[in-house]
Amino acid sequence: MEVERLLAGADGWQFDTWRLREATQGHPLSTLGFFLLQRSGIISRFKLSGVTVARFLRHIEAGYPDNPYHSATHAADVLQTLHVIIHGAQLHVHYLDALGLFAAYFAAIVHDYGHPGLTNDFLIATSDPLAVRYNDKSPLENHHAAAAFSVLRRSEVDVLSTLTLQERNTFRKQVIEMVLATDMKQHFTTLSHFQTMHRLASFQQVQQAAGLPVAMKAADLGHLGEELEVHKRWLAGLEEEFFNQGDREKELGIPISPLFDRAKQGVSKSQVGFYDFVALPLVHALT
């Protein structure tokens, strides 16, 4: 079976989530999410209902708009990359307990939940309700986390129902920290904090304070390490999503964001600089 064959490669650094999307008829996130939660023993460890987990995953997957880039397929790709980073670095052995691993998977699954296909800058510039609600502070990332936890208010999809209050609080704190770390506006601040902690503190203290958010950031850019054709497909989606926003900015008569103008070169022409100044320093910090 094609789905089983693809899932068998989920531990590899290079993974084509687009093929999983096709093989699962549009359900890569719920398929991969259930596979990892079950195989890791999280479902049995916390006595989760398989039906509830499946319902939750399908609900979250359906809550991702079919954006060219920020979609459920992207969330599945980030989940797979985070899984590989955690296991490659043996974080699940030396630092993460079962609850921490559960929270890390959950964070990846929901990290762009309900994404409108627009940037924080656009939301702020247009006084979007999300920007107003979150006082212009990472409106997208705050929305993703808050909306995901709001889903858990429904008992039929509450995958945390068997956790103790303390476990739920610990879980929630870790998820929020990891999701908020994906705001690129905070990239250099987050990375600098991690590097400072790495110089001054013990390994475990580093992981507790900043390791997982940085791992999440690396996973969010995971397509940069895929095979060239897979990366190019992701890049084409990102560029189209940016151009779509540029079209809206033009219609509204506000300045078109850099690289968002369809009549000019897009983000695909700036990848070397992005590799050199953003992606590679992030990867080097983790190694």
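This is a predicted model: local features need pLDDT of at least 70, side-chain atom pairs count only at pLDDT 80 or more; totals for chains, interfaces and linings use all residues.
**Q245**

Is Q245 buried or exposed? I find that its relative accessibility is 1%, so Q245 counts as buried, the cut-off being under 20%. I placed Q245 in helix α15. Next I asked which residues Q245 touches, leaving out those up to four places away in sequence. My list reads G117, L118, T119, F122, S257 and F260.

**Helix α15**

I then looked at the helix that holds Q245, which is α15. It runs over residues 228-252, 25 residues in all.

**The whole chain**

I stepped back for a moment to take in the overall picture. I count 16 helices and 0 strands in the protein chain. Of its 287 residues, 50% count as buried. I also checked contacts between residues at least 6 apart in sequence, and 72% of these join residues at least 24 apart.

**Helix α5**

My next stop was α5, residues 50-62. I ran the length check here too: 13 residues at 1.5 Å each should span 18 Å, and the end C-alpha atoms lie 18 Å apart, which agrees. Which residues of α5 are buried? I noted T52, V53, F56, L57, I60 and E61. Looking down the axis of α5, I see these buried residues fall within an arc of 165 degrees, so they line one face of the helix. What covers them? I found that the cover includes α3 (28-39), α4 (42-45), α6 (72-88), α8 (98-110) and α11 (139-151).

**The cavity**

Rolling a probe the size of a water molecule over the atoms shows where empty space is left. How many cavities of 30 Å³ or more does the whole structure have? My search gave 1, and I put the volume of the largest cavity at about 50 Å³. I listed its lining as L37, L48, V53, F56, L57, F102, F106, I109 and V159. V53, F56 and L57 were already in my notes as buried residues of α5. I noted that α5 and α8 each supply at least two of the lining residues. What classes of residue make up the lining? I get 9 nonpolar residues, no polar ones and no charged ones.

Conventions: Residues are numbered from 1 along each chain as its sequence is written. Side-chain values use heavy atoms; hydrogens and water are left out. Helices (H or I, at least four residues) and strands (E, at least two) are DSSP runs, numbered from the N terminus. The expected span of a helix is 1.5 Å times one less than its number of residues. Buried means under 20% relative accessible area, exposed over 50%, partly exposed in between (1.4 Å probe, protein chains only). The arc is that of the directions from the helix axis to the C-beta atoms. Contact means heavy atoms within 4.5 Å. On a 1 Å grid over the protein atoms alone, a cavity is a set of points where a 1.4 Å probe fits but cannot get out, and a pocket is an open set with protein on both sides within 12 Å along at least five of seven lines; lining residues have an atom within 4 Å of a point. Grid points are joined across faces, edges and corners, and a volume is the space filled by probe spheres set on the points. Ala, Val, Leu, Ile, Met, Phe, Trp, Tyr, Cys and Pro count as nonpolar, Asp, Glu, Lys and Arg as charged, and the others, Gly among them, as polar.
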